[in-house]
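Colleague: I would like to learn how to read a model of this kind. Please take the features one at a time.

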Amino acid sequence: MKTIGYAAQAAGSPLALFSFERRALRPGDVAIEILYCGVCHSDLHQVRNDWGWARFPLVPGHEIVGRVVAVGADVVGFQPGDPVAVGCMVDSCQECDQCHAGEEQFCRNGMTQTYADRDRITGELTQGGYSRHIVVRQEFVLAVPEGLDLSRAAPLLCAGITTYSPLRQWGVGPGSRVGVIGLGGLGHMAVKLAAALGAHVTVISRTRAKEQDALALGADALLASGDTAAMKAAASAFDLIIDTVPVRHDVTPYMPLLDVDGTLVIVGQVGPLEPPATVPFIMGRRRLAGSLIGGIAETQELLDFCGRKNILPDCEMIRMDEIDTAFERMERADVRYRFVIDMASLPVPADAGF
Ligand SMILES: NC(=O)c1ccc[n+]([C@@H]2O[C@H](COP(=O)([O-])OP(=O)(O)OC[C@H]3O[C@@H](n4cnc5c(N)ncnc54)[C@H](O)[C@@H]3O)[C@@H](O)[C@H]2O)c1
Ligand SMILES: [Zn+2]
């Protein structure tokens, strides 16, 4: 089945129109016409091969919302026309303890990433959501609840679940004191979701520049990490800090902000940190942890939660041919707070399938 997308042909090259094949439907597969795809900072990392495991040609995109166009013979619960979503994973073994526990992201045999990965059966490269169509096995297709604005739902599939999962894992609820470092795509979802769970939420930002935004997103306060006196005054003030900073940095100044037994969860930087001082860990039994997206059941739980509470990301809609400018702006932290690509802006050639 022919489709079309935008791909990088090599590390760091600009994205350009790319025709390629989606696999023929297997019995358990759902074919989806993609309507919207969010632009995650991971897409930029992968296009530049920052993590060293990208594969080219590479069609990025793992915040996918669309409508079902066809289903395989064994598909249960999805039919053409249904609004659906796909996130960062498209397959896993379905047999190991982690898959059974609904933590497919930690599949013992390796989950299959939506793009820059290899199909478990054929070994073909997986290609992501900056495209008109995708074919995904039904276990990795999410239902978009009725009433959720499709044009804004896409970032929930990565920015949303990546911040929701640690909030749930660490039991955030009314009375929890949550800090969020880095107010970008992930950070702004962390604020909205933590606030919706009833927590007291503080954005921890380098300056006060985003204070009004932080409050408008639902935060109770902003703490400027560059303000030494304010940082000192905030000692032991948090139970959980979610760190979304996308680059190498030093967590040492943030650790004393945690209360005894508090945890700082890294979801941003995939790679080295500056070596941290251990004193704040020892003097307060503070913990440094990490978290990767979330399982499929938890992602569905998030979508349903956002449907009930009408929680949506703040999106700036772009055309597919504006992606390189969007990447540049993301690099400069000039995005409020997630770019979403309108896939109708991508031309479909006459010979495309579906
Ligand atoms: N763990 C996971 O499962 C997972 C999932 C998705 C994304 N990620 C990673 O999370 C990171 C963030 O992604 P995003 O889409 O939110 O990016 P983004 O560009 O939208 O936001 C990053 C924010 O961090 C801020 N920032 C940058 N350097 C900072 C610093 N030194 N101190 C404080 N703030 C700083 C920027 O101003 C920006 O607001 C990326 O590295 C991405 O690859 C991880
Ligand atoms: Zn992502």
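The dialogue below goes from the overall fold to the ligand shell.

Modeller: This is a predicted model, in which local features need pLDDT of at least 70 and side-chain atom pairs count only at pLDDT 80 or more, while totals for chains, interfaces and linings use all residues. Residues are numbered from 1 along each chain as its sequence is written, and chains are lettered from A and ligands numbered from 1 in the order in which they are written.

Colleague: How many helices and strands does the protein have?

Modeller: Helices (H or I, at least four residues) and strands (E, at least two) are DSSP runs, numbered from the N terminus. Here there are 10 helices and 17 strands. The radius of gyration, taken over C-alpha atoms, is compared with a globule rule of 2.2 Å times the number of residues to the power 0.38. The protein has 20 Å, close to the 20 Å that the rule gives for 354 residues, so it is as compact as a globular protein of that length.

Colleague: Which residues are closest to ligand 1?

Modeller: A residue is near a molecule if its C-beta atom, placed from the backbone, lies within 6 Å of it. Ligand 1 is surrounded by 30 residues, and the closest are His41, Gly182, Gly184, Pro246 and Ala333. The elements giving two or more residues to this shell are α1 (41–47), α4 (159–169) and α5 (185–196).

Colleague: Where does ligand 1 lie relative to the domains?

Modeller: Domain bounds come from an automatic or database domain assignment. Domain 1 (2–158 + 294–345) and domain 2 (159–290) both contribute to the shell, so ligand 1 lies between them.

Colleague: What are the spans of the C-alpha trace?

Modeller: Along the principal axes of the protein, about 65 × 40 × 35 Å.
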